[in-house]
Amino acid sequence: MKMNRNESDRPVYILGIETSCDETSAAVVQDGRIVLSNIIASQADIHKRFGGVVPEVASRRHVENITLTIEEALQVAEKTLDDIDAIAVTCGPGLVGALLVGVAAAKAIAFAREIPLIGVHHIAGHIYANRLVEEMQFPLLALVVSGGHTELVLMKEHNHFRILGETRDDAAGEAYDKVARALSLPYPGGPHIDRMAAEGNPSVPLPRAWLEPDSYDFSFSGLKSAVLNTLHNAAQRGETIDPVDLAASFQSSVVEVLVEKTIRAAKEFDVKQVVLAGGVAANKGLRTALQHRCEEANVPLVIPPLVLCTDNAAMIAAAGFVSYQQGKFASLDLNGTPNLSLETSAE
């Protein structure tokens, strides 16, 4: 296996590949910090008519897009495979068929070019998207909020993940999509609710699931049910609830719980930095509220730009660079693991 350009005075180029769900993405990142290209082929319009991602359709689209996406990433970065030092690929969690497309492509390139293969946990990638904005300061706290994940993760050093709290049922993103469907909004529903919430008045009483006093876990299933019951009861009484106000009330409940638990954890563990990660990190209401509370608590906050919040390969390359430096490489029997653990993924 060749180890190109690992001298301290020469740049390291990582080719990242991400196919965990419905975005086919490839990127070239220099030294884990400089994005030379970040190509994303989205399938959102295809899955919109189904009201959610269809795994078999997503996998077939990845097969169709993966080679073209990698070629475009190299072209935009003005690099060839001869310049690439390692391949970093999402190996889990995600849809197994989708993961396998990216993993197979990465293994083929790594084998053919005799360069290291690096398996990356999808959530680690989202966290490391922040390093493309600002250098990490440890210990740090990551609030991960996406369609399938809501977690508070403590990091004391690179590639060390300790989950302080996670969702017990619906993740925040799942709750957004389910409430959006109840409001007859198109998929994906989160951005629509975010826009409506900015215009509405959070006047509809909805619960906050704080759970046990010392818990950092999350639960949004009850909130989702409360929204559905509110709509159902109003319909039975022949009343109309302003969907804009309901969206604002729902978002207010979600954001308050996310932000307050984050601030409490940041204080308890005396972190030097809070980072926001995941697709729901694009939510303007959440970004604004977390920024405000972090300023009040005097805790530095890093939020990635919108293009780095959704699934993308630049974040995978950024995370992969750390493993490259640590010499943590995968063998060619790397597989896609739908339920891959974050805490053990970098061991």
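**Salt bridges**

I searched the whole structure and found twelve salt bridges. For this I took a salt bridge to be a side-chain nitrogen of Lys or Arg within 4 Å of a carboxyl oxygen of Asp or Glu. The model is predicted, so I note the limits: local features need pLDDT of at least 70, side-chain atom pairs count only at pLDDT 80 or more, and totals for chains, interfaces and linings use all residues. Residues are numbered from 1 along each chain as its sequence is written, and side-chain values use heavy atoms, with hydrogens and water left out.

I looked up arginine 131 and found its side chain in a salt bridge with that of glutamate 135, at 2.8 Å from N to O. For burial I used relative accessible area: buried is under 20%, exposed is over 50%, and partly exposed is in between (1.4 Å probe, protein chains only). Arginine 131 is buried at 8%, while glutamate 135 is partly exposed at 27%.

I then looked up aspartate 170, whose side chain meets that of lysine 224 in a salt bridge (3.3 Å, N to O). Aspartate 170 sits in the loop between strand E8 (162-166) and H5, and lysine 224 sits in helix H7, so the pair ties together parts that are 54 residues apart in sequence. Both aspartate 170 and lysine 224 are buried. Helices (H or I, at least four residues) and strands (E, at least two) are DSSP runs, numbered from the N terminus.

Next I took glutamate 260, which forms a salt bridge with arginine 293; their closest N and O atoms are 2.9 Å apart. Because glutamate 260 lies in helix H8 and arginine 293 in helix H9 (residues 284-297), this pair ties together parts that are 33 residues apart in sequence. Glutamate 260 is partly exposed, at 28% relative accessible area, and arginine 293 is buried, at 19%. I also noted that salt bridges with shared partners join Arg33, Arg131 and Glu135 into one network.

**Helix H5**

I listed the buried residues of helix H5 (residues 172-182): Ala172, Gly173, Ala175, Tyr176, Val179 and Ala180. They lie on the same side of H5, because they cover an arc of only 160° around the axis. I took the arc from the directions from the helix axis to the C-beta atoms.

I checked what these buried residues pack against and found strand E6 (140-145), strand E7 (150-155), helix H6 (190-199), helix H7 (221-236) and helix H8 (243-268). Contact here means heavy atoms within 4.5 Å. After H5 comes serine 184, with a positive phi near 60°.

**Strands E2 and E3**

I looked at the pairing of strand E2 (residues 23-30) with strand E3 (residues 34-42): they run antiparallel and are joined by eight bridges. Two strands pair if DSSP finds at least two bridges between them. Serine 25 has isoleucine 40 in E3 as its bridge partner. E2 and E3 form a hairpin with three residues between them, and aspartate 31 in the turn has a positive phi of about 55°.

**Cysteines**

I looked for disulfides, meaning pairs of cysteine sulfur atoms within 2.5 Å, and found zero. Cysteine 294 is in no disulfide, and the nearest cysteine sulfur, that of cysteine 309, is 15 Å away. Cysteine 294 is buried, at 1% relative accessibility. Cysteine 309 is likewise in no disulfide, and it is buried at 0% relative accessible area.
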